[in-house]
Amino acid sequence: MNNVTIYDVAREANVSMATVSRVVNGNPNVKPTTRKKVLEAIDRLGYRPNAVARGLASKKTTTVGVIIPDISSIFYSELARGIEDIATMYKYNIILSNSDQNTDKELHLLNTMLGKQVDGIVFMGGNITDVHVEEFKRSPVPIVLAASVEEQAQTPSVNINYEQAIYDSVQLLVEKGHKRIAFVSGPMSEPINSMRKLAGYKRALEEAGIVFDEALVAEGDYSYDSGIEALANLLDQSDKPTAVIAATDEMALGVIHGAQDRGVSIPEDLEVIGFDNTRLSLMVRPQLTTVVQPTYDIGAVAMRLLTKLMNKEQVEDQIVELPHRIEERQSTK
């Protein structure tokens, strides 16, 4: 049954072979309805693009695709480093692509990588939707998520417990006597923020008997500038926060500098905790107390998990959670 050809798919979907080719190669110039029709035909017939070419080559490409939101981000570049080192160790080449957190681009890159015959994919993105999960399931090669949360837990992934990490941060500040603890979060459209980090923040406050105040939650976009802006809004309140937890180190730096520009002393007037423990945390004064997310390790473990899946080895646990801790430096007392 597996000698289904591109002609069969074209006939089944009632489109031209060129259209099938465009869909298979991830060309964005295909109407969504047509794309759906072709993908359904591919599913029904069990067509595997390039099966013949694969058979002829009869060897793996030993190439792995890595899809990353933004390589200029210190966090993602550290992750990519961990992926790259393990890939090199196992003699895999890497194709690295930036997706700019754009769903269409992410899916297009996914199809392009599959068209290039990669043996597996490491995927990083803030918002893993049902559409992504369907595409992952459809993929003929294994896909592993790194530092990316997929709510259905159907895709192999490597993360830390983000909910617990923010909970621990709040608890640390509560123990220091704080009651007005602000949270500068990343985009709430991403489950890692809305479902995990914010949930940890709320749970810790509740357990400490502190009433949740929406005015103390500021939404940023992970960037330094959004940290400055969030802090300005928080300081303009009549009942100012005495401590701030930021969902990334970069936003935490914005918070610290924004505070210093307004004559607010860190940590005397305002204690600050960051998240990720990127090298930025040591570049700021006072040095940043931060949640240590083992970024390099997440990349390395994700790549190692992928090598096991590509070699069809038995994998006990496909949802991996690495430990986190809080590194206390000078931005807290």
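Tyr90 touches Arg304 and Thr307, leaving aside residues up to four places away in sequence. The model is predicted. The chain holds 12 helices and 12 strands. Of its 333 residues, 51% count as buried.

- Tyr90 sits in the loop between α5 (74–89) and β2 (93–98).
- Its relative accessibility is 32%, so Tyr90 counts as partly exposed, because that class covers values between 20% and 50%.
- Tyr90 and Met303 are 213 residues apart along the chain, yet their C-alpha atoms are separated by 9.6 Å.

**Met310 and helix α12**
- Helix α12 covers residues 295–310, and Met310 belongs to it.
- Met310 has 5% relative accessibility and therefore counts as buried, because the cut-off for buried is under 20%.
- Met310 and Glu328 are 18 residues apart along the chain, while 39 Å separates their C-alpha atoms.

- Strand β3 spans residues 120–123.
- Gly120 and Val122 point one way from β3, and Ile121 and Phe123 point the other way. All of these residues are buried.
- Strand β1 (residues 63–68) runs parallel to β3, and 4 bridges join them.
- Within that pairing, Val66 stands opposite Val122.
- Strand β4 (residues 143–146) also pairs with β3 in the parallel sense, over 3 bridges.
- Here the bridge partner of Val122 is Val144 of β4.
- From β3 the chain crosses through helix α7 (residues 130–138) to β4, and this β-α-β crossover is right-handed.

**Whole-chain contacts and extent**
- Consider the contacts in the chain with a separation of 6 or more: residues 24 or more positions apart account for 72% of them.
- The C-alpha trace spans about 70 × 40 × 35 Å along its principal axes.

**Surface and charge**
- The chain exposes about 15,600 Å². Carbon and sulfur atoms supply 50% of that area.
- Its side chains include 34 positive and 45 negative ones.
- The centres of the two charge sets lie 8 Å apart.

Conventions. Residues numbered from 1 in each chain as written. Predicted model: local features only at pLDDT ≥ 70, side-chain atom pairs only at ≥ 80, totals over all residues. Heavy atoms only, no water. Helix = DSSP H or I, 4+ residues; strand = E, 2+ residues; numbered from the N terminus. Buried < 20%, exposed > 50% of the residue type's maximum accessible area, 1.4 Å probe, protein only. Contact = heavy atoms within 4.5 Å. Areas by Shrake-Rupley, 256 points an atom, 1.4 Å probe, with all protein chains shown as cover. Lys, Arg positive; Asp, Glu negative; His and termini not counted. Charge placed at Lys NZ, Arg CZ, Asp CG, Glu CD. Pairing = 2+ DSSP bridges. Right-handed = clockwise from strand over helix to strand, strands pointing away.
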